Amino acid sequence: MPNTYKKKYKDQLDLEILSIKDIPFYNQDNETDAPASVKELVSKVKEADGVLWVTPEYNYSIPGVLKNVIDWLSRVERVLVGKPSWIMGVSMGNLGSVRAQEHLRDILFSPGVSSPLLPGNEVYVGLVHEKIDEAGNLNHEATEIFLDSVVDNFVKWMNQQQAVGAAR
């Protein structure tokens with residue numbers, strides 16, 4: 001499914017999906033000499049114009065591995081400070097990751113992170129198992145239309161954020 005959206009929105013966004021499977025547990029004792037996988041992640045996020053956070057909901061919150069990644073990104077170089085972000089998530093329940101996204105918002109607003117979030121464009125895809133086909137492709141027209149709108153809003157907002165930052 002991710003490659004489908006890379007193609008669909010290629011004229012608006014240059015999406016790079018970063019793997020976090022090789023990111024070790026954050027350890028303050030080695031944060032200034034981070035492993036290569038962390039250095040690569042930090043470098044890619046630093047160079048990005050914005051970040052799209054996609055999260056499932058585990059026990060009413062974000063997965064621990066996602067928090068771990070944010071811990072690495074919020075230390076030493078603090079590459080998320082001022083970096084425009086957007087959150088989306090899916091779940092098999094009705095609420096579509098609402099609780100996880102609340103926690104993620106709190107984390108992204110913390111002093112070491114300070115990543116501004118796209119306002120008023122929350123993407124909570126509930127009952128996702130009824131909206132995707134066997135290959136994992138979204139096949140729910142209303143959700144597709146909504147995503148198109150939010151992508152447009154994010155690109156416009158991100159450009160505004162960059163203009164404001166450049167003017168400082």
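Biologist: Which residues line the largest cavity?

Modeller: Rolling a probe the size of a water molecule over the atoms shows where empty space is left. On a 1 Å grid over the protein atoms alone, a cavity is a set of points where a 1.4 Å probe fits but cannot get out, a pocket is an open set with protein on both sides within 12 Å along at least five of seven lines, and lining residues have an atom within 4 Å of a point. Here the largest cavity is lined by Trp-86, Ile-87, Arg-105, Leu-117, Leu-118, Asn-121 and Glu-122. The model is a predicted one, in which local features need pLDDT of at least 70 and side-chain atom pairs count only at pLDDT 80 or more, while totals for chains, interfaces and linings use all residues. Residues are numbered from 1 along each chain as its sequence is written, and side-chain values use heavy atoms, with hydrogens and water left out.

Biologist: How much space lies in the largest cavity, and what classes of residue line it?

Modeller: A volume is the space filled by probe spheres set on the points, with grid points joined across faces, edges and corners. The largest cavity holds about 50 Å³. Its lining has four nonpolar residues, one polar and two charged; Ala, Val, Leu, Ile, Met, Phe, Trp, Tyr, Cys and Pro count as nonpolar, Asp, Glu, Lys and Arg as charged, and the others, Gly among them, as polar.

Biologist: What is the volume of the largest pocket, and which residues lie nearest its centre?

Modeller: The largest pocket has a volume of about 1,500 Å³. Its lining comprises 44 residues, and Glu-16, Ile-17, Leu-52, Trp-53 and Val-54 lie nearest the centre. By class, the lining of this pocket has 34 nonpolar, five polar and five charged residues. The second largest pocket has a volume of about 150 Å³, and its lining divides into five nonpolar, two polar and five charged residues.

Biologist: At what angle do helices α2 and α3 pack?

Modeller: Two packed helices are described by the angle between their axes and the distance between the axes. Axes are lines fitted to C-alpha atoms, for helices over the stretch in contact, and angles run from 0 to 180 degrees between N-to-C directions. Helices (H or I, at least four residues) and strands (E, at least two) are DSSP runs, numbered from the N terminus. Helix α2 (residues 36-47) and helix α3 (residues 64-73) pack at about 75°, with axes 10 Å apart. This makes α2 roughly perpendicular to α3; angles under 35 degrees count as roughly parallel, over 145 as roughly antiparallel, 65 to 115 as roughly perpendicular and the rest as oblique. Val-38, Leu-41, Val-42 and Val-45 of α2 meet Val-69, Trp-72 and Leu-73 of α3, where contact means heavy atoms within 4.5 Å. The residues of this contact are seven nonpolar, no polar and no charged.

Biologist: How do the axes of α3 and α4 cross?

Modeller: The axes of α3 and helix α4 (residues 98-108) come within 11 Å and cross at roughly 10°. The two helices, α3 and α4, are therefore roughly parallel to each other. Leu-66, Lys-67 and Ile-70 of α3 make the contact with Leu-104, Ile-107 and Leu-108 of α4.
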